[in-house]
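Subject: Handover of the two-chain model

Hello,

Here is the structure we spoke about. Please open it alongside these notes.

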Amino acid sequence: MKNMITRVSVPLIAFLFLLAGQSAAVELRIYTWEGYLSQEVIDNFTQKTGISITQVYFDSDQTRDEVIATTTGKSFDIILFNSISAQVFGKSNYLYAVNESIIPNLKNVNKRWAEGCGNFGIPYFYGTVGIVYDAAKVQSPPDSWQDLLRPAPAHQGHVNMLGDMTDVLVPPLIYLGYNINTEEETQLKDAYNILQRQLPYVAGYNYVLTDVDMPGKEHDIHMALAYSGDQYVLNDLTGSENWQYVIPKEGTVIWLDCMSITAESAKRDEAVLFLNYLLDQQVAASNTEAIYASSPVDGIERYLPEDVTQDTELFLPDSLLDSTQTYRIISDDNLRLRKRMLDILKKRHEAQ
Amino acid sequence: MKLNKRLPYVIIPVLFTSFLITAIGLYVLERRSVYALTMSSLEKEATELSGSLIAYTRFIDGTLTLLLQSDALRRYTDTADEYLKSLAFDAALDELVGSIEGLTTTHFSVMFMQMDKVDYYYQSGLDPFAEPSHIIKQWSLEHCRNRQPDGRQFFTDLERLTILRIIDRRTLKPANRFEAENVLAITVSVNPTDFIKRRDQLIEGERKISFSDKNNTSTLPQETLHSRRAIPGFGVLTVEVPKKSVERELRSVLIKLVVAFLMLTGISNVVLQLLLKRYVTGPIEHLEYQIRNIDIEKENALVLYESDDEIGSLSSSFIKLYDQINQSYQKTKDLAEKDTLTKLYNRRVFNLTLQGLINRAGRAKDQMVALLYIDIDNFKFVNDNYGHSIGDMVLQAFALRLHEVIRSSDFVFNQHSGMTPARLAGDEFSVIIYGYTKESVPRMVAKRMLDICKDGFVCDEGTFPITLSIGVAAYPEDGKTVDELVVKADSAMYQAKKSGKNTVSYYSAELLEQARYQQQLEVEIKRGDTTEFELYYMPIVDSSTQKVNGFEVLLRWFSKKLNCYVPPAEFVPMAESLGCYRPIDMWVINEAFSKVQELSERYGENVHVSINISAAEMGDAGFVEELPKLIDKHRIDPHRITIELTETFYQDYTEKSLAQLELIHQAGFRLAIDDFGSGFTSIIQLVDFPIDVVKIDRAFIVKSLANNKLNVLRSLVSFCHEQSLQVVAEGIETREDFEKMQQAGCDFVQGYYFCKPMPLDRLYEEYKG
């Protein structure tokens, strides 16, 4: 979902800034993952509207949530959330509620995803959670969550997890056959125990891309819990073709990211304009090709080359989509508990 | 009592008393200081514990203050969403927990309650599923209900220090109206971990630690020592220790003291004893041991204990004294044991030594002891000819030689063997050889001794014609006792003397037999049984007519007891020495006289009878008086009786015996000198003695004939004829001898050529005269 394929030359950026400042001097601040928005899309938008886009990046959902929950979050206009966070913050009036009348292009969104962000944003990209692995280091490709949760001794200290309180619970819950949105504390305890047992194998809970990208990084990651599409970024970053993505046989979860406008944004109209622009089929196609993540916008295929449209990793078959669990909104207590579980796993990991 | 044994009795009471006093003093001091120390450590511990608790309460107060002033709380109260409340607070609290310095805590929790509903709960630690304590929840609710905005409590069961503030969620100030929807009860709980650890340590150390949340100052029982500290707002902390445990500590002190006391007493005792033994009693004991074990007979030198103390000087004084005593003892001993002249052992020591060696050899079995008796022959000659002082010098020189022989002995001797010489009497010496194993040893030693005088005894004073007679007797073969050995060595020595000069003779069975024979002979002689006697008659023939002139009467004794003829040469000297010759002589004379008549009738009127009479009789006047009576009794002419004087007479005749001889002659008896030319006979006697007949010894005749010196014999015969003495030649065995005697002019002859001596009845048959 985060791609760095777009490489824009420095003189061009300088030119664009200059242009934007001259024409409108309106700037939208977006808080998002790095490389999760096509520069071409941004450029086109700026060219068309004179509105400039500034991106501020976070590297974990938790960081983002904490930032938004404190005062510092008020300086953003648009924020990228996962579907659950969007609804949590929306309920607490942090976000501006939208609908088709405000953002007409919402009509382009596939029915499956239409309600995904509630009315607190637009569906942006969706994807699966799976395992990325370095084929050069992992001789037999993992095909079960067990391979990640109880890896072979050779991979001790070379397994990376995710710093997201919901995503990190996906492998144990699905492996145990539980619903990922379970409210049963005993089921969560079971999942927690599995993760606690996995601790000795875990290299870290940072996002694998952040980890691999960090200069002077010592961790030699063999496999990681990751999002679909991360294998491309990893191959780019490492300059190899070794990184593979696999969805374990027990199944996975479909996630959905949302773009939301903050309640206190002073540039709500410009933000609405940008979100509407993103849902334009042609723009969505361009963004999808650049980022190489699945878009919830219908009818983008006609703007894409055939090899892209034939990629079932990008255009997931309906059968898979129908059979796979999705995140649902869960109780506050459950959220708090999941957050504490992740916090304590991290503490334990640091202590080991 | 020995000094060493006395030492403990001296040392122990002193040590015991002094250490006991010290130990009691120490215990009293220790007791006082234990109490003082316990009190002061109680105070210290109470201060420490209360200080620790207070630090925790201050930390909680500070946390609460921080929370109440923080934006986080403000946002919290503004937010409705539980998750966002968590987001807002958890991070802040995590940070707070992370920043706690100087205090450790295993539990830190913050709880927000709205009446009985938990609004928010944070707990540090590694359990994501932790739940707030029910007790604290209840306690918080009570405060809300009782409208108490502040609360402080030490939940001792939970081990949590908790402070409660009830605020109005709108103002974040202490609540005053307590409206249920606006009241927020904030509790901060901490586990006072440092305090708990320290408290548990102290409890293990027998401290009793209690916490009372009321400021009750109820008096504690008298049997505890205690210290109290107030924890403001919480209660009172009491640290106690039961007197019993102090007493127990004191008991252990007491036990240690007793042990130390006993050990010190014991060790000091041992050390003191050792030191005293080493430096005081030891040397004394050593000295005492040496003195006790002094064997004045042995030359074991006393070892001087060299030290500059009294014992050293005692030791050296004693050694001086001992040396003096020893010297004078040695002198006395020498006087008592040694012969002053030769420095050899005297007879007494010789006897003792021999006894000792016999005893030892008797135990050792395979050891032999030989006794050598040495007699110097001819020593009387040395004394007589050179004087006694030279004689003494010769004896000294001889003793030295004897020593040399012994010293130079290279016979196989070990430390248990050796030789001891002794001087038994004037010229009698003895050597004891002991411990040897080869039988030849005494022989070889004797041989070397004989070598001393092989060619006369040579010494500084000159050469002396002395020889040695050595008799040897050995233990155990020849005798088992000292006396036996001495007797046997002595008899062997006499045997040696008899068998010639400078010889050695060994005591043997023959010697024993001879001695026994001699003894029996003695007995038989003393018994004087004349019935066993018989007279043999040997004819004396006139050399010119060859007719019998007379008979020599010879006594023959067949002893039934000894079952043999005893030759007169054996029993006559013995009878003389025993003094029992008289009855024998009388029997012979009587018997001979009684046959004179018969002989006359057979062989002619003028037949003579010659009788040998003991020389001893000559000195006895009684004998001379006896003779005429016998003559009368048998009515014979004394003229026809010739009394032959035996050899022994000549050896030491006196004026008196010569006078007796004269008397016999005057009584009419003829007197004859027997065995002339042998032994002690002398030509003087032919002149001096009142004799009528000379009987020339056969040895003299044989020698004269062998050397063809008949003229000597003829001169002797004519000399006798000059003196009016008739001459009888004895031992004529051949006709040739007889003719020579005729030529020599002998008047009469006798011998086997004519007739052997035989009893009268046979004589009558075989010899017709």
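Predicted model: local features only at pLDDT ≥ 70, side-chain atom pairs only at ≥ 80, totals over all residues.

Residues are numbered from 1 along each chain as its sequence is written, chains are lettered from A and ligands numbered from 1 in the order written, and side-chain values use heavy atoms, with hydrogens and water left out.

**Interface**

Chain A puts 26 residues in contact with 22 residues of chain B (contact means heavy atoms within 4.5 Å). The two chains bury about 2200 Å² between them; buried area is the accessible area (1.4 Å probe) that two parts lose on being put together, summed over both. Carbon and sulfur atoms carry 60% of it. R336(A), K339(A) and R340(A) supply 29% of the area that chain A buries against chain B, more than any other three residues.

The count of salt bridges between the chains is zero (side-chain nitrogen of Lys or Arg within 4 Å of a carboxyl oxygen of Asp or Glu). Three residue pairs are in polar contact across the interface, both residues at pLDDT 80 or more. A polar contact is a pair of N or O atoms within 3.5 Å; within protein, one must be able to donate a hydrogen and the other to accept it, and residues adjacent in sequence count only if both atoms are side-chain atoms.

On chain A, the elements giving two or more residues to this side are α3 (61–69), α4 (83–91), α8 (185–198) and α15 (332–351). Helices (H or I, at least four residues) and strands (E, at least two) are DSSP runs, numbered from the N terminus. α15(A) gives the largest share, 11 residues.

**Cavities**

There are seven cavities of 30 Å³ or more. On a 1 Å grid over the protein atoms alone, a cavity is a set of points where a 1.4 Å probe fits but cannot get out; a pocket is an open set with protein on both sides within 12 Å along at least five of seven lines; lining residues have an atom within 4 Å of a point. Grid points are joined across faces, edges and corners, and a volume is the space filled by probe spheres set on the points.

The largest cavity has a volume of about 110 Å³. It has 14 lining residues, with D61(A), N82(A), D167(A), W255(A) and D257(A) closest to its centre. β10(A) gives the most to this lining, three residues.

**Largest pocket**

The largest pocket holds about 970 Å³ of space. Of its 36 lining residues, E552(B), L554(B), P568(B), N612(B) and D674(B) lie nearest the centre. α14(B) supplies the largest share of the lining, seven residues.

Best wishes
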